[in-house]
Amino acid sequence: MTKEERMANVINDPIYAILGEELSLGRNNIDVAAAVIDAGVKTIQYREKHKTWREKFAEANVIARMCREKGVTFIMNDSPDIAIACHADGIHVGQDDAPAPFVRSLVGPDMIVGVSTNTIGQ
């Protein structure tokens, strides 16, 4: 997928699925990803806060591959290193994470970079 196609998924799909097992009523992230992809969702963000780096990398790698196979945009939360390693389409960072310009310098010009905001100033 081109960067433009990945962005079109984010902008045009009315559903932006956010994965995290504490949000999934006991289902695991890979099963939820498969279900939302099968349902036609075109953007998935992996947001797992309470797993080790290795657990996150293992899951993100599988989910990223699933997304690539189906033309779904895959966004990694908080971890530019995992985003790079699993060839994510994008990275999302919060206000307490690495600043967006620094993240952009790590991931390059083709990866989507999103930032959480809480105020107009942000």
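A search of the whole structure, a predicted model, finds one aromatic pair. The pair is formed by tryptophan 53 and phenylalanine 57 and is stacked, with 5.4 Å centre to centre and 10° between the planes. Rings of Phe, Tyr and Trp (its six-membered ring) pair if their centres lie within 6.5 Å; planes under 30 degrees apart count as stacked, over 60 as edge-to-face and the rest as tilted. Tryptophan 53 and phenylalanine 57 are four residues apart in helix H3 and therefore separated by about one helical turn. Tryptophan 53 is partly exposed, at a relative accessible area of 43%, and phenylalanine 57 is also partly exposed, at 25% (buried means under 20% relative accessible area, exposed over 50%, partly exposed in between; 1.4 Å probe, protein chains only).

Helix H2 spans residues 29-38, and Asn29, Val32, Ala33, Val36 and Ile37 are buried in it. These residues lie on the same side of H2, because they cover an arc of only 130° around the axis, taken from the directions from the helix axis to the C-beta atoms. Their cover includes strand E1 (17-19), strand E2 (43-46) and helix H3 (53-70). Helices (H or I, at least four residues) and strands (E, at least two) are DSSP runs, numbered from the N terminus.

Residues are numbered from 1 along each chain as its sequence is written, and side-chain values use heavy atoms, without hydrogens and water. Local features need pLDDT of at least 70 and side-chain atom pairs count only at pLDDT 80 or more, whereas totals for chains, interfaces and linings use all residues.

Note on methods: Contact = heavy atoms within 4.5 Å.
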